[in-house]
Amino acid sequence: MARNVDLLEGSIVGSLTSLALPIMATSLIQMAYNMTDMIWIGRLSADAVAAVGAAGMYLWLANGLAMIPRLGGQVKVAHELGAQAPERAAGYGQAAFHLGALLVILFTAMCILLNGPLIAFFKLNSPQVNSDARVYLVIVALGFLFSFFNQIFTGLFTAMGSSVVVLRSTAVGLVGNILLDPLMIFGVGPFPRMEVAGAAATVLAQAIVTAMFLLAARRETTLFPHIHPFRPSQGRAWLEMLRIGLPVSIQSMFFSSLSMFIARIVAGWGDAAIAAQKVGTQIESISYTTAEGFATAVNAFIAQNFGARRLDRICRGYWTAVGMIVAWSCFTTVMLVVFPAPLVRVFIQKEEVVRTGVSYLRIMGYSQILMCLEITSSGAFQGLGRPMPPTLAGVIGNAARIPMAILLSATVLGLDGVWWSISISSIAKGLVVFAWFVVVLHRCTRDGDLGVPRFIR
């Protein structure tokens, strides 16, 4: 079993780096799951990319829903571990699995039974694209169980400082996905040619990751021996996790829902525009997925030190994190603004899609630094058990995208106006959330206390 990173003692830079690097690598691997699908699907046609892009919106919703047990469990487990209370921590871990099981059953049933109306929302132009999107949605929904539980496992291992376990498990799943994707999409050897439906390889890969997590949990000695999945969990634990995880989940699902409306606006420029947005989003995820992984490490670091009431380490840890994420986002800004065309051509060759994708990436590139600061500061707020400030900023900022997209796209900017609405809102949210957390830190330092109520026992 990998040794846990000590988040309460020793070098802050060393502790944060040791925890963050495996999580960031894990985020890149999770991004590679989607990119692997997109690379092979892109070899089929732009229509296939559009189908996966439309159905993939509901995968975003599923990931947002999974944030309730994942984040609620991670923060509360880290709080209790920081307070040296492993059995109470296990109670929250047990409740996270129970809550996750209930949510995944409900959402999976909805996506399978209502796949037709859900895809019809996007008003896709091609009947074949519509059919492929429905098939892909049903297949992805069958794997929600694994992806939900993998997120919960990720949160619990991260709360313990065991990010290497998460990296190892996810890496094994990626290898499986890379090997199975071309075999199932194009039909190699004994495998039939499944085309878009062949992306089911990702579901099998997620199942492999779940198996890896279960093996790691059996060897772990601090938290998982006290988790009893077939015993009832405490209602108070559910409420505490909902208090922390629900606002973040609402923000995430609200963002996904708004993205669907944006996709519907984009569809007015044709299926090629949807394909370009899907490809562009996958490339941009190099930035935001890594930032989200880093924010997860910041969350665990601050949460454990909050449980131990270590204000000094919280402040120094946050500013260390800011320096690291700014360096990374500067790199991604250069990549998106200066080298967009080669990046897009990795996924698709159709010139119309390439031109639109290049424009998307350049416009998104200008918002990368502040977007990453927003994500990192949101993780810090959540680690304190205060998810509402970034949620409020996120919901208001994201909601502004719709009227901005409508207004700007009606000007000479055209489709670029939609991309600018996304970039401008990301810049505004980053400024607000970053400044808000800096104010919180200043008040905490001035008052000599965290300024937040002690978590409920």
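1. A salt bridge here is a side-chain nitrogen of Lys or Arg within 4 Å of a carboxyl oxygen of Asp or Glu. With that in hand, the structure holds seven salt bridges. This is a predicted model, where local features need pLDDT of at least 70 and side-chain atom pairs count only at pLDDT 80 or more, while totals for chains, interfaces and linings use all residues. Residues are numbered from 1 along each chain as its sequence is written, and side-chain values use heavy atoms, with hydrogens and water left out.

2. Let us begin with one pair. Side chains of opposite charge can pair when their charged atoms come close. Arg 88 and Glu 80 form a salt bridge through their side chains, at 3.0 Å from N to O. Are these two partners buried or exposed? Glu 80 is buried, its relative accessible area being 0%, whereas Arg 88 is partly exposed at 38%. Buried means under 20% relative accessible area, exposed means over 50%, and partly exposed lies in between (1.4 Å probe, protein chains only).

3. Asp 312 is worth a look next, with two partners to follow. Asp 312 forms a salt bridge with Arg 310, where the closest N and O atoms are 3.4 Å apart. Asp 312 also forms a salt bridge with Arg 316, again with 3.4 Å between the closest N and O atoms. Arg 316 and Asp 312 are four residues apart in helix H11 (residues 311–338), so about one helical turn separates them. Helices (H or I, at least four residues) and strands (E, at least two) are DSSP runs, numbered from the N terminus. As for accessibility, Asp 312 is partly exposed at 35%, Arg 310 is partly exposed at 23%, and Arg 316 is partly exposed at 48%.

4. Which residues are linked in a network of salt bridges? They are Lys 76, Glu 240 and Arg 243.

5. Now to a pair of helices. Two packed helices are described by the angle between their axes and the distance between the axes. Helix H15 (residues 388–399) packs with helix H16 (residues 401–409) at an angle of about 20 degrees, and their axes are 5 Å apart. That makes H15 roughly parallel to H16. The axes are lines fitted to C-alpha atoms, for helices over the stretch in contact, and angles run from 0 to 180 degrees between N-to-C directions. Angles under 35 degrees count as roughly parallel, over 145 as roughly antiparallel, 65 to 115 as roughly perpendicular and the rest as oblique.

6. Which residues meet between H15 and H16? From H15 come Gly 397, Asn 398 and Ala 399, and from H16 come Arg 401, Ile 402 and Pro 403. Contact means heavy atoms within 4.5 Å. By class, the contact has three nonpolar, two polar and one charged residues. In this scheme, Ala, Val, Leu, Ile, Met, Phe, Trp, Tyr, Cys and Pro are nonpolar, Asp, Glu, Lys and Arg are charged, and the others, Gly among them, are polar.

7. H15 has 12 residues and reaches 16 Å from its first C-alpha to its last, close to the 16 Å expected at 1.5 Å a residue. The expected span is 1.5 Å times one less than the number of residues in the helix. Buried residues of H15 include Pro 389, Pro 390 and Thr 391. Thr 391 has 6% relative accessibility and touches Pro 247, Val 248 and Gln 251, not counting residues up to four places away in sequence.

8. H13 is mostly covered, with 11 of its 15 residues buried. Among them are Val 353, Val 354, Tyr 360 and Leu 361. H13 reaches 21 Å from its first C-alpha to its last, close to the 21 Å expected at 1.5 Å a residue.

9. Ala 55 lies in helix H2 (residues 46–82) and is buried at 3% relative accessibility. Ala 55 and Tyr 136 are 81 residues apart in sequence and 6.5 Å apart in space, C-alpha to C-alpha. Leaving out residues up to four places away in sequence, Ala 55 touches Ile 119, Ala 133, Tyr 136 and Leu 137.

10. Finally, two loop residues to check. Gln 84 has a positive phi of about 60 degrees although it is not a glycine, and Gln 84 lies in the loop between H2 and helix H3 (86–113). Gln 84 is exposed at 61% relative accessibility. Arg 309 also has a positive phi of about 60 degrees without being a glycine. Arg 309 sits in the loop between helix H10 (271–307) and H11, and is partly exposed at 33% relative accessibility.
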